[in-house]
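The following exercises are to be worked through with the sequence and the model in view. Each task is followed by a solution in steps.

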Amino acid sequence: MNSGVGPTPQHQPQSEAAKSALAVTHTLFRTFLLTVLGALFVYILNISYVWLSGILTVIAAVLGVVVLVRAIRFKQPRIVLFGTISGLVVTAIMCLLVLTAVVFFQQVTTLENCARGALTLHAQNSCQVDFQNSLPSGLR
């Protein structure tokens, strides 16, 4: 077999501007992912920190859009594009969760306080029933 037959891939060295754009995009991508994860963990932590989760979600949305634009404009690797789109989907879900938690803040706070002290399955079920009864009738 002739290994020298056929086109050979041309490896053009990247310019300094392209390397710099790649480095900045990767840094923004990492920051975006950490912000999305931070928003999720803060939301799970306690309903009292819903304001912090909301701020982190907004920051994640802004960073996600910036990274998406940079990934498309500078033709970044597909993993960056796929990760950014996935992160933006998670961010959109987080927006819905944060808005729901804000609207039903009092009910969720009552549920968390009740569930924190519920040691048995019966007590946990009682907390859930109380929570369902505290919601408006259209949402039950």
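Two residues are in contact when heavy atoms of theirs lie within 4.5 Å. The model used throughout is a predicted one.

**Exercise 1.** Determine where S53 is found, whether S53 is buried or exposed, and which residues S53 touches.

*Solution.* 
Step 1. Locate the residue: S53 belongs to helix α2.
Step 2. Apply the cut-off: a residue is buried when its relative accessible area is under 20%. The value for S53 is 0%, so S53 is buried.
Step 3. List the contacts, leaving aside residues up to four places away in sequence: S53 touches A39, V42, Y43, M94 and V98.

**Exercise 2.** Identify the residues that form a nonpolar patch on the surface, and state which helix gives the most to the patch.

*Solution.* 
Step 1. The patch is formed by L45, Y49, W51, I55 and I59, which together have about 530 Å² of accessible area.
Step 2. Helix α2, residues 50-73, gives the most, with 3 residues.
Step 3. Consider one member, I59, which is found in helix α2.

**Exercise 3.** Find how many disulfides the whole structure holds, and describe the link of C114 and C127.

*Solution.* 
Step 1. Searching the whole structure gives 1 disulfide.
Step 2. C114 and C127 form a disulfide, and their sulfur atoms are 1.9 Å apart.
Step 3. The angle about the S-S bond is -80°, and the link of C114 and C127 is left-handed. This pair links distant parts of the chain, 13 residues apart: C114 lies in helix α4 (residues 105-117) and C127 in helix α5 (residues 121-134).
Step 4. Examine the accessibility of each partner. C114 counts as partly exposed because its relative accessibility is 30%, whereas C127, with a relative accessible area of 3%, is buried.
Step 5. Examine another cysteine: C95 has a relative accessible area of 33% and is therefore partly exposed.

**Exercise 4.** State which residues the UniProt annotation "transmembrane region" covers, and describe the chain over residues 21-44 and 50-72.

*Solution.* 
Step 1. According to the unreviewed UniProt entry, the annotation covers residues 21-44, 50-72 and 79-105.
Step 2. Residues 21-44 are 100% helix and 0% strand, with end C-alpha atoms 35 Å apart.
Step 3. Residues 50-72 are 100% helix and 0% strand, and their end C-alpha atoms lie 33 Å apart.

Note on methods. Residues numbered from 1 in each chain as written. Predicted model: local features only at pLDDT ≥ 70, side-chain atom pairs only at ≥ 80, totals over all residues. Heavy atoms only, no water. Disulfide = S-S within 2.5 Å. Helix = DSSP H or I, 4+ residues; strand = E, 2+ residues; numbered from the N terminus. Buried < 20%, exposed > 50% of the residue type's maximum accessible area, 1.4 Å probe, protein only. UniProt positions renumbered as here; feature names shortened; annotations may be inferred. Patch = residues over 30% accessible without salt bridge, like charges linked within 9 Å, V, L, I, M, F, W, Y side chains within 5 Å. Areas by Shrake-Rupley, 256 points an atom, 1.4 Å probe, with all protein chains shown as cover. Salt bridge = Lys/Arg side-chain N within 4 Å of Asp/Glu carboxyl O.
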